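Colleague: I would like to learn how to read the features of a model like this one, step by step. Could you take me through it?

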Amino acid sequence: MGSNEFKGVMVFSEDFEIILELLSIGRELADKLQTALSAALIGYNVSEEYGQELIKHGADKVYIVDNSLLEQFNVEPYADVLLKLVNDYKPEIILIGATKRGKELAPRLATKLNAGCMTECSKLDIDDEGRLVANRLVYGGSSVAVGIFRTKPQIVTVPPHLFEKLEPSDRTGEIVKINVEVKEPRTRVVERKKKEVVGVRLEEAPIIIAGGRGLKSKEDFKLLEELAKVLGGQVGCTRPIAADYGWFTNWIGISGVKIKPKLYIAVGISGAIQHTAGIMDSKIIVAINKDEEAPIFKAADYGIVGDLYKVVPALTEAFKKLLK
Ligand SMILES: Cc1cc2nc3c(=O)[nH]c(=O)nc-3n(C[C@H](O)[C@H](O)[C@H](O)COP(=O)(O)OP(=O)(O)OC[C@H]3O[C@@H](n4cnc5c(N)ncnc54)[C@H](O)[C@@H]3O)c2cc1C
């Protein structure tokens, strides 16, 4: 296939909310290329209403592939279905949500198409020659790699919650139902267990107070919990607190959860690059550290130099009075 045969932007995720987010950046790219934006909606008993919802959020076309073998996500049939869509409609750019499943799917699709694939792209643009330019964080988040593709289609995965979905509008589009012969996958899920999550997931929390090795014991995290309670926030931590001490199950940072709260308060956290790479999408960052040279202050909008054991209770009291 020659590169010129490819036209249009296609988005896919197994998570409907993430398709909406991808449509937002997809719309931007499609408009720059003056081309159409399509979405692949794959599953079982897929209602057309979902397709209409995608059109309202920016899609020109929605391809619905509905088959009982697609009820649960399984990478083999999903990759086959996407392969068929790409071969038939030849989009030049394919955006896939970088969920665990999307990250498994994208390279498989790329291999089947003998195409390039860039993963976890944080910024996407079109250059003067109409090529996709993708930025990704590398070296633990300390540098940005800027990549372009030599061939088409250009496949990228995009982390969830990076782009805000567009406001719905009364725009019109086309829904195309596609019949794809789906092969029985070679693997089968035999049991599903829900992961226990206490409170709101950190990825979605609007206010996060996180603690680092400046806290001397697990019990001391109660100080953060009290502040979180007053502010209506969640408590998080750095990697050593979870991975080394086992006080929490997950941590914030490049190798953990990436967050984008309205307010992030880092308590007794030095601000290692691996940590700050996961907090940079926070709207406001406040740091509390007794060392005025701590790197966290460079990432912070507001800094308090002081002993957390004095500062945090004082803040809790002050907010209690303020928010009464
Ligand atoms: C491949 C790799 C991936 C990694 N991924 C991550 C990641 O995703 N997330 C992550 O967090 N880390 C990650 N790390 C670890 C990271 O490099 C740092 O080691 C870690 O973030 C440091 O955690 P910390 O800030 O809690 O501890 P420290 O660096 O020890 O900092 C503790 C801070 O507390 C301050 N402090 C001490 N006592 C007080 C007090 N009484 N009052 C106020 N301040 C006080 C100190 O001044 C210090 O700045 C990764 C490392 C590697 C190698």
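Colleague: Which residues does G211 touch, once residues up to four places away in sequence are not counted?

Modeller: A contact here means heavy atoms within 4.5 Å. By that reading G211 touches F221, L224, G236, C237, T238, I241, V267 and I269, with residues up to four places away in sequence left out. Please keep in mind that this is a predicted model, in which local features need pLDDT of at least 70 and side-chain atom pairs count only at pLDDT 80 or more, while totals for chains, interfaces and linings use all residues. Residues are numbered from 1 along each chain as its sequence is written, and side-chain values use heavy atoms, with hydrogens and water left out.

Colleague: Where is G211 found, and is G211 buried or exposed?

Modeller: Helices (H or I, at least four residues) and strands (E, at least two) are DSSP runs, numbered from the N terminus, and G211 is found in strand 11, residues 207–211. Buried means under 20% relative accessible area, exposed means over 50%, and partly exposed lies in between, with a 1.4 Å probe and protein chains only. At 0% relative accessibility, G211 counts as buried. Between the C-alpha atoms of G211 and L322 there are 23 Å in space, and the two are 111 residues apart in sequence.

Colleague: What is the strand order of the open sheet of seven strands?

Modeller: Two strands pair if DSSP finds at least two bridges between them, and in this open sheet of seven strands the order is 5-9-4-1-2-3-10, with parallel pairing. Strand 5 (116–118) and strand 10 (174–178) stand at the edges with a single partner strand each, so one side of each is left without a neighbour in the sheet. Angles run from 0 to 180 degrees between N-to-C directions, along axes that are lines fitted to C-alpha atoms, for helices over the stretch in contact. Neighbouring strands of this sheet are turned by 20 degrees against each other on average, direction ignored.

Colleague: How many bridges join strand 1 to strand 4, and which residue is the bridge partner of F12 in strand 4?

Modeller: Four bridges join strand 1 to strand 4, and the two run parallel; the partner of F12 in strand 4 is I96. Strand 4 also pairs with strand 9 in the parallel sense, over five bridges, where I94 has I155 as its bridge partner. Five of the five residues of strand 4 are buried, so this strand is largely enclosed by the rest of the structure. Both of its faces are covered, with I93, L95 and G97 buried on one side and I94 and I96 buried on the other.

Colleague: Which strands does helix 1 lie across?

Modeller: Helix 1 (residues 16–33) lies across strand 1, strand 2, strand 4 (93–97) and strand 9 (154–158), and runs at about 155 degrees to strand 2. Helix 2 (residues 48–56) also packs on the sheet, where it touches strand 2, strand 3 (61–66) and strand 10, and its direction makes about 140 degrees with that of strand 10.

Colleague: How many salt bridges does a search of the whole structure find?

Modeller: Side chains of opposite charge can pair when their charged atoms come close. A salt bridge is counted when a side-chain nitrogen of Lys or Arg is within 4 Å of a carboxyl oxygen of Asp or Glu, and a search of the whole structure finds 17 of them. In one of these, R27 pairs with D60, the closest N and O atoms being 3.0 Å apart. R27 lies in helix 1 and D60 in the loop between helix 2 and strand 3, so the pair ties together parts that are 33 residues apart in sequence. R27 counts as buried at 13% relative accessibility, and R27, D31, D60 and R171 are linked in a network of salt bridges.

Colleague: Where do K103 and E120 lie?

Modeller: K103 and E120 form a salt bridge, with the closest N and O atoms 2.9 Å apart. K103 lies in helix 4 (residues 100–113) and E120 in the loop between strand 5 and strand 6 (123–126), so the pair ties together parts that are 17 residues apart in sequence. K103 is partly exposed at 37% relative accessibility, and E120 is partly exposed with a relative accessible area of 25%.
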